[in-house]
Amino acid sequence: AATGHGFDLDQRLREREHVNLRRHLDTAAAVAKRTRFVDDSTTGPTADAERLVFASNNYLGLATDDRVQRAAACGARRVGTGAGASRLITGDTGAHRELERDLAACKGADRALVFSSGYAANVGTIAALDPDVIFSDALNHASIVDGCRLADAETIVYDHCNPDDLRDRMAARERVAEASEDWLVVTDTVFSMSGDVAPVADCCAVAEAFGAWTMVDEAHATGVFGDGGGIVTREGLADRVDVQMGTLSKALASQGGYVAGDESLVEYLLNAARSFVFSTGLAPPAAAAAREALRIARDGERTVQLWENVARIREGLESMGYDVRGETQILPVWVGDRRDALALSKRVRERGVLATAIRPPTVPPGSSRIRVTPMATHTDADVRTCLDAFETAGEEVGLL
Ligand code: PMP
């Protein structure tokens with residue numbers, strides 16, 4: 001889950017005690033599986049029920065695609081199940097190099113570097129860049145927040161998706177700046193809990209005016225927007241964004257993270273990013289799977305199916321009277337009250353549909369929502385089941 005800079009660890013730990021652990025375990029397990037999730041629990045009223053997964057980041061449904069599974073198996077056979085060492089020792093293989101070449105080409109960058117996770121890519125990269133001041137969107141992902149902490153930089157949080165506020169804060173900070181400071185502006189492109197898209201071009205313009213570097217996290221955009229390359233590719237900003245980071249773990253159906261940018265950036269990171277240097281290379285089957293998933297994503301057919309399903313779910317929910325926000329494949333169904341959101345999620349689940357309630361402290365009080373994420377591989381019948389579940393559940397909870 002995303003957190004943002006308002007994240008309060010103590011509060012989160014207190015909150016945890018009241019969470020229904022089983023629900024989280026189910027959802028987490030479902031993420032890696034199919035459009036359908038078979039619960040093997042025999043303890044609850046829903047034991048052995050088949051549920052549809054509308055809660056995963058496997059947006060293109062490629063985690064169970066034959067071609068991707070075969071590529072993973074080939075990677076294991078050709079190179080081995082593990083890299084065996086850090087890339088800088090003996091863990092550097094053709095599987096990594098081929099994936100990095102394809103990622104760089106897809107992103108319009110000189111070069112790319114893959115890390116063992118998106119989390120490792122963010123913390124390792126931000127810490128290695130070692131900026132003096134970081135300007136960070138208020139709702140940036142936890143791995144960016146942790147990267148800012150690890151970099152030990154002065155972190156200035158600007159209002160979510162608000163380049164005017166970014167400009168004001170940069171101008172205020174400039175008044176007390178010392179001559180040789182390095183500044184970094186960092187933002188998610190697609191925000192995971194709201195489906196918002198950052199105004200990347202405007203953020204670049206502000207950063208350029210102050211001579212700052214820009215870094216974006218395309219975790220939820222890679223494979224989905226811009227012929228697979230993300231929002232930066234869609235908007236033709238590859239020359240203006242210094243660091244394009246993303247994950248292989250969502251639409252690309254694998255595991256790992258990447259950074260794409262100039263030759264000099266990648267050459268620097270592969271020696272200076274501690275999460276790269278001191279960690280075993282990405283598992284070759286994961287690299288091979290991600291490369292095949294990227295090829296399929298770029299081919300575009302799955303994306304067309306995804307957007308059809310997204311449009312049908314959005315229109316269906318809106319016609320029932322739900323308030324569906326965002327502008328991406330992530331559909332936040334606005335509920336407001338946290339108890340209503342929980343009740344709706346529970347009722348929907350009883351009708352065989354998994355969609356997670358997102359509540360405080362992950363989001364501000366009064367903005368609880370259900371996060372619905374259609375997949376390219378949901379069938380017409382799956383879409384119908386999802387819509388029916390929301391209609392009945394919404395009436396039962398009194399929201400419709
Ligand atoms: N950035 C964002 C915006 C994310 O949503 C995530 C995953 N939740 C990450 C980074 C971390 O990626 P990974 O899961 O590959 O470590």
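A residue is called buried if 20 or more other C-beta atoms lie within 10 Å of its own, exposed if 12 or fewer do, and partly exposed in between, with C-beta atoms placed from the backbone. The structure described here is a predicted model, in which local features need pLDDT of at least 70 and side-chain atom pairs count only at pLDDT 80 or more, while totals for chains, interfaces and linings use all residues. Residues are numbered from 1 along each chain as its sequence is written.

Of the 400 residues of the protein, 53% count as buried. The protein has 15 helices and 14 strands; these are DSSP runs numbered from the N terminus, with helices (H or I) of at least four residues and strands (E) of at least two. Contacts are counted when the C-beta atoms of two residues, placed from the backbone, lie within 7 Å. Among contacts with a separation of 6 or more, 72% join residues 24 or more positions apart.

Helix 7 (residues 163-174) makes a friendly worked example. Pro 163, Leu 166 and Met 170 are the buried residues of helix 7. They lie on the same side of helix 7 because they cover an arc of only 50° around the axis, the arc being that of the directions from the helix axis to the C-beta atoms. Asp 164, Ala 171 and Ala 172 are exposed on the face turned away from that buried side. The cover over the buried residues of helix 7 includes strand 4 (133-137), strand 5 (154-158), strand 6 (183-188) and helix 8 (200-209).

Attention now turns to the ligand. Around the ligand are 14 residues, of which Ser 117, Gly 118, Tyr 119, His 141 and Ala 219 come nearest; a residue counts as near if its C-beta atom, placed from the backbone, lies within 6 Å of the molecule. Helix 5 (residues 118-129) gives the largest share of this shell, 3 residues. By class, the shell holds 2 nonpolar, 10 polar and 2 charged residues, where Ala, Val, Leu, Ile, Met, Phe, Trp, Tyr, Cys and Pro count as nonpolar, Asp, Glu, Lys and Arg as charged, and the others, Gly among them, as polar.
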